[in-house]
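Biologist: Could you walk me through this model, starting with what you mean when you say that residues touch?

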Amino acid sequence: MGDMVKKGIFISFEGIEGSGKTIQAKLLDEFLRKKGYEVVLTEEPGGTTIGLKIRELLLSVEHKGMTPVTELMLYNASRVQLIKEVIFPSIKKGDIVITDRFNDSTVAYQGYGRGIELNLIDSIDRIVTAGLKPDITMLLDLDVEVGLKRNKGVNKADRLELEDISFHKKVRDGYLEIAAKEPERIKLIDASKSIEEIHGKIVSIVSDLFLKI
Ligand code: TMP
């Protein structure tokens, strides 16, 4: 047993604007902590001092002229910093890492949304993640109009949220294609249900995962 490598669990939350993934990530974090697990909750872009500065650059509505490739590079820059500073060390320690967005967001938004070739995105991803993938990804799927309306309700408006509806539809369709390619890792969750119902579903998915590990 001495040579057994202690390894944590890596869980990502994905979805369009207003899908409720941020609240669900928080609820799962609270649930697992109460059960006595060591949990690290983080988010993208952000999660580190450098990442938070990159987040400001990315989301400021003043930066309307940002090119898609600049965007791609900045999301990846924030990600590699987060992996190095937070995700790798925590997983190595045996913690559970929960992240509000990870690399599926880049495929969905910069790939399907902005139209950057998926193989180019994948090449950069391999440099940044060195193959690190979430053990499980909760994809909260929701009608685009419903999601954007929910966000308006909380008065949230950043640079990407201001994109037109067709952009967000491409993102949602992109997520569904990604999920169809990797059904084992990506769990499709109906985000039109109540917060409690969705949380219950997520808890059952995580319990199944723990049994497998
Ligand atoms: P948030 O609203 O979930 O905090 O995410 C910030 C925005 O960044 C959201 O509109 C999705 C977008 N995003 C990308 O376009 N590509 C990425 O790789 C990530 C992580 C987020």
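Modeller: By contact I mean heavy atoms within 4.5 Å. Please keep in mind that this is a predicted model.

Biologist: What lies 2.8 Å from a polar atom of the Thr99 side chain?

Modeller: That is the backbone oxygen of Arg101, which lies 2.8 Å from a polar atom of the side chain of Thr99.

Biologist: Switching to helix H2, which of its residues are buried?

Modeller: Helix H2 covers residues 49-59, and its buried residues are Gly51, Ile54, Leu58 and Leu59.

Biologist: Why do those end up on the same side of H2?

Modeller: They cover an arc of only 120 degrees around the axis, and therefore they lie on the same side of H2. On the other side of H2, the residues Thr49, Lys53 and Glu56 are exposed.

Biologist: What covers the buried residues of H2?

Modeller: The cover includes helix H3, which spans 68-93.

Biologist: New topic: how many cavities of 30 Å³ or more turn up?

Modeller: A search of the whole structure finds 1 cavity of 30 Å³ or more, and the largest cavity holds about 30 Å³ of space.

Biologist: Which residues line the largest cavity?

Modeller: Its lining is made up of Glu14, Asp104, Thr137, Leu139, Tyr175, Ile178, Ala179 and Ile186. The largest share of this lining, 3 residues, comes from H7, while strand E4 (136-141) and helix H7 (165-181) each supply at least two residues. By type, the lining of the largest cavity has 5 nonpolar, 1 polar and 2 charged residues.

Biologist: And what about the second largest pocket, what is its volume?

Modeller: The second largest pocket has a volume of about 360 Å³. It is lined by 20 residues, and those nearest its centre are Asp104, Val107, Asp122, Lys133 and Glu182.

Biologist: Which helix gives the largest share of that pocket's lining?

Modeller: Helix H5 (118-129) gives the largest share of the lining of the second largest pocket, with 6 residues. As for residue types, that lining divides into 6 nonpolar, 5 polar and 9 charged.

Notes. Residues numbered from 1 in each chain as written. Predicted model: local features only at pLDDT ≥ 70, side-chain atom pairs only at ≥ 80, totals over all residues. Heavy atoms only, no water. Buried < 20%, exposed > 50% of the residue type's maximum accessible area, 1.4 Å probe, protein only. Helix = DSSP H or I, 4+ residues; strand = E, 2+ residues; numbered from the N terminus. Arc of directions from axis to C-beta. Polar contact = N/O pair within 3.5 Å; in protein donor to acceptor, adjacent residues only side chain to side chain. 1 Å grid on protein atoms, 1.4 Å probe; cavity = no way out; pocket = protein on both sides within 12 Å on 5 of 7 lines; lining within 4 Å. Points joined across faces, edges and corners; volume = space filled by probe spheres on them. Nonpolar A, V, L, I, M, F, W, Y, C, P; charged D, E, K, R; others polar.
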